[in-house]
Amino acid sequence: MSHAHLQPDIAIIGGGIAGLWLLNRLRNQGYSAVLFEHKALGSDQTVASQGMIHGGIKYALGGSLSGGSEAIADMPDRWRACLRGEGEVDLRAVNVLSESFYLWSEGGLVSRMSSFFASKALRGRVDKINPGEGPAVFRDPAFSGQLYRLVDLVLDAPSLVATLADNHRDAIFHIDWQQAALESREGSAQIRLPNCTVQPRQLLLTAGAGNEALLQQLGEDSPAMQRRPLQQVLVKHQYNESLYAHCTGTNPSPRLTVSSHRTEAGEPVWYLGGDLATEGTDDAPEVLIAKARQELQALFHWVDFGDSEWTTIRLDRAEPKQKGLLKPDQAFVGGSKNNSNLLTAWPTKLTLCPDLGDQVVKQLSDLQPGPAPDLSLLAPLGKPPIAPPPWEVLF
Ligand SMILES: Cc1cc2nc3c(=O)[nH]c(=O)nc-3n(C[C@H](O)[C@H](O)[C@H](O)COP(=O)(O)OP(=O)(O)OC[C@H]3O[C@@H](n4cnc5c(N)ncnc54)[C@H](O)[C@@H]3O)c2cc1C
């Protein structure tokens, strides 16, 4: 039997949020698209993220609103439309953990923060919360800081992955690179499988940190990638109230970011990021855990967390290489030199997926949807599972 060829409009490699979002967006636009994942969907960064969909206010903590913060500002509304079933991808089945994200400050920063947050630029995007209101942990009279509500929302990342995967499960396949090869033929990238070769009109690399090796296999040295590591702290405890909030300190970035999750058995876990995680990257886990304990004690001295169990997870954020500081306001989509059908994408933030989708659609404006290929040839590959989040694996 001769080796078969499959020619979908689009093939996507990597099933994190970027690949799954694009699969949904492009199939909804009428393209035939297939996605290949080598481990589990949402692995690496996506299910380990804190799930915040934010409008960039946290980047304005330095005290002024930059152009970047303005560009990211309409992302929460784009996601909310998708959650209502009125956007470019259908997210109606996603579990929303919180409709709001909070920001609090203590002591010396109060006056600078209040005048900045009262400024015209932020009107309608930040509300001051009165004492005794807001999340349970701040309703205690012992809390003496300032509290604000942002327009941001928080999604349960595993349910986001599951929803996007369920919408188009027929087009998602497991790929085992021991049995498959990514290759460049006559200036086009293609995927060789045991029983057929996939020759997409457009190949999208959305493999997060995996993009670097995939590009090398195709003989490409650009776009270049960078990894920004961090070490998050997880604490499982008996305090039953959720919290989704940034604490601002003296840095322009949040001193601490807290999101709340549950283990499979329903036990509360607080997931701690922010400066604690970025500055603690190289700490031994026990050193970082000691810092995190002190931080919770200092910030929530009135809270009884009961017995607590601690752990950490070290992760790399994969992004396009930047000179100097990363501008976190836009997703990245870039072409390469040797393969004319190749695009590489890094969303750089979960939040920026709608922007990622816009950019890819723009780049594909010359590609008209072709006939849908018969995907039964891919059935022997099987389906990848969905990755469990760190709070289910680490305790
Ligand atoms: C701790 C942490 C917290 C974060 N919190 C937030 C937040 O609250 N809000 C926000 O907006 N952003 C957040 N981010 C950033 C956000 O998580 C990432 O920008 C986003 O998840 C990146 O998605 P991705 O699909 O590009 O990559 P990934 O999620 O890393 O997915 C890559 C996928 O490709 C697969 N893959 C890799 N190599 C191959 C290969 N060779 N073949 C096939 N498949 C492959 C992987 O298995 C994986 O499934 C956070 C990041 C971290 C690390």
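Okay, let's start with two strands: S2 (residues 10–13) and S14 (residues 202–205) run parallel, joined by 4 bridges. Strands here are DSSP runs of E with at least two residues, helices are H or I runs of at least four, and both are numbered from the N terminus. Two strands pair if DSSP finds at least two bridges between them. If you want one example, isoleucine 12 has leucine 204 in S14 as its bridge partner.

Quick word on the source: this is a predicted model, where local features need pLDDT of at least 70, side-chain atom pairs count only at pLDDT 80 or more, and totals for chains, interfaces and linings use all residues. Residues are numbered from 1 along each chain as its sequence is written.

Now zoom out to the sheet. It's open, with 6 strands in the order S10-S3-S2-S14-S21-S20 and mixed pairing. Which strands stand at the edges? Those are S10 (172–174) and S20 (332–335), and each has a single partner strand, so one side of each is left without a neighbour in the sheet. On average, neighbouring strands are turned by 25 degrees against each other, direction ignored.

Helix H1 packs on this sheet, touching S2, S3 (33–37), S14 and S21 (342–346). The direction of H1 makes about 165 degrees with that of S3. For angles like that, axes are lines fitted to C-alpha atoms, for helices over the stretch in contact, and we go from 0 to 180 degrees between N-to-C directions. "Contact" means C-beta atoms, placed from the backbone, lie within 7 Å.

H1 (residues 17–28) also packs with helix H5 (residues 157–167), at an angle of about 35 degrees and with axes 9 Å apart. On the H1 side, the contact is made by Ile17, Leu20, Trp21 and Asn24; H5 brings Leu160, Val161, Leu164, Ala165 and Asn167. That's 7 nonpolar, 2 polar and no charged residues. Nonpolar here is Ala, Val, Leu, Ile, Met, Phe, Trp, Tyr, Cys and Pro; charged is Asp, Glu, Lys and Arg; the others, Gly among them, are polar.

The assignment gives domain 1 (4–46 + 159–225 + 325–393) and domain 2 (62–156 + 227–319), with bounds from an automatic or database domain assignment. Their C-alpha centres lie 30 Å apart, and 29 residues of domain 1 are in contact with 29 of domain 2. Which helix gives the most to the side of domain 1 that touches domain 2? It's H5, with 5 residues.

Key
Contact = placed C-beta atoms within 7 Å.
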